[in-house]
Amino acid sequence: MSGDNVSEYTSGYNEISVNFSIIKWESIGTGYYLDGTVSTFFGVDPSMPMAVKLERAETATSVRFRFDSPFARVATETVDEYGGYDGYPFNEESDVVPGKYLFTIDVTSQGAALSPVDLGMDWGYGMFSIGSVYGNLSTNIATYPLGTYDEKAGCITFPANSLYIKMADYSEGAASPCANPSYLYLNGDAYLESLEAAK
């Protein structure tokens with residue numbers, strides 16, 4: 001070992017302490033994601049539900065939910081009993097970018113945040129990405145308003161302008177606030193109840 005910060009008169013070992021925790025994820029069934037992000041750039045229907053396999057975990061300060069990106073596959077022709085698509089209905093095979101893309105939503109006492117995530121699709125302008133925080137930690141950070149978690153209703157809502165969207169090769173990859181809200185319903189009944197409430 002050598003360097004300016006090492007004394008030539010000492011030897012032995014230094015002790016370090018590291019704290020870590022293992023997050024235990026549990027499957028909680030099928031949820032329904034309604035996306036309001038892609039419609040910022042393209043005139044697609046933001047109310048179309050996509051069925052996603054949800055996992056849940058608890059930490060000391062938050063509850064987390066995660067699911068594989070439904071945008072990273074082409075939707076099947078049929079929908080499930082709640083009207084949910086298995087995949088993104090506006091994708092073609094050539095739009096999908098192979099890989100693993102995972103949505104992670106962290107819910108704290110302050111609200112819900114979506115970690116930056118690539119969607120796994122490219123419509124000719126580079127990879128789509130969305131999230132709650134955008135920027136370089138050493139320069140500028142644009143923080144968008146947090147979403148809300150209604151545990152009783154089984155829904156996480158990201159209102160309009162609370163998420164960003166960007167495409168890697170469009171406008172130098174600049175982020176734009178999303179024009180429509182996005183929703184994650186934690187089960188099919190919660191999604192159907194939201195439709196009834198909207199009537």
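Let's start with Asp 118, whose bridge partner in S7 is Ser 129. Before I go on, please keep in mind that this is a predicted model. The bridge belongs to the pairing of S6 with S7, which is antiparallel and runs over three bridges. Ser 129 itself sits in strand S7, covering residues 127–131.

These two residues also meet through their side chains: a polar contact of 2.5 Å joins Ser 129 and Asp 118. Now, is Ser 129 buried or exposed? Its relative accessibility is 5%, and the limit for buried is under 20%, so Ser 129 counts as buried.

Who else is around Ser 129? Leaving out residues up to four places away in sequence, Ser 129 touches Val 117, Asp 118, Tyr 164, Ile 165 and Lys 166.

Let's step back to the sheet. In what order do its strands come? There are four of them, arranged S6-S7-S12-S13 in an open sheet with antiparallel pairing. At the edges we find strand S6 (117–122) and S13, each of which pairs on one side only.

Now for the aromatic rings. How many aromatic pairs are there? The count comes to 19. One of them is Phe 41 with Tyr 170, an edge-to-face pair with 5.3 Å from centre to centre and 65 degrees between the planes. Phe 41 is in the loop between strand S1 (26–34) and strand S2 (49–58), while Tyr 170 is in the loop between strand S12 (164–167) and strand S13 (176–177), so this pair ties together parts 129 residues apart in sequence. Phe 41 counts as partly exposed, at 23% relative accessibility, and Tyr 170 is partly exposed too, at 37%.

Another edge-to-face pair is Phe 65 with Tyr 149, at 5.7 Å centre to centre and 65 degrees between the planes. Here Phe 65 lies in strand S3 (residues 63–68) and Tyr 149 in strand S10 (residues 148–150), so the pair ties together parts 84 residues apart in sequence. Phe 65 is buried, with a relative accessible area of 1%, whereas Tyr 149 is partly exposed at 24%.

Methods. Residues are numbered from 1 along each chain as its sequence is written. This is a predicted model: local features need pLDDT of at least 70, side-chain atom pairs count only at pLDDT 80 or more; totals for chains, interfaces and linings use all residues. Side-chain values use heavy atoms; hydrogens and water are left out. Helices (H or I, at least four residues) and strands (E, at least two) are DSSP runs, numbered from the N terminus. Buried means under 20% relative accessible area, exposed over 50%, partly exposed in between (1.4 Å probe, protein chains only). A polar contact is a pair of N or O atoms within 3.5 Å; within protein, one must be able to donate a hydrogen and the other to accept it, and residues adjacent in sequence count only if both atoms are side-chain atoms. Contact means heavy atoms within 4.5 Å. Rings of Phe, Tyr and Trp (its six-membered ring) pair if their centres lie within 6.5 Å; planes under 30 degrees apart count as stacked, over 60 as edge-to-face and the rest as tilted. Two strands pair if DSSP finds at least two bridges between them.
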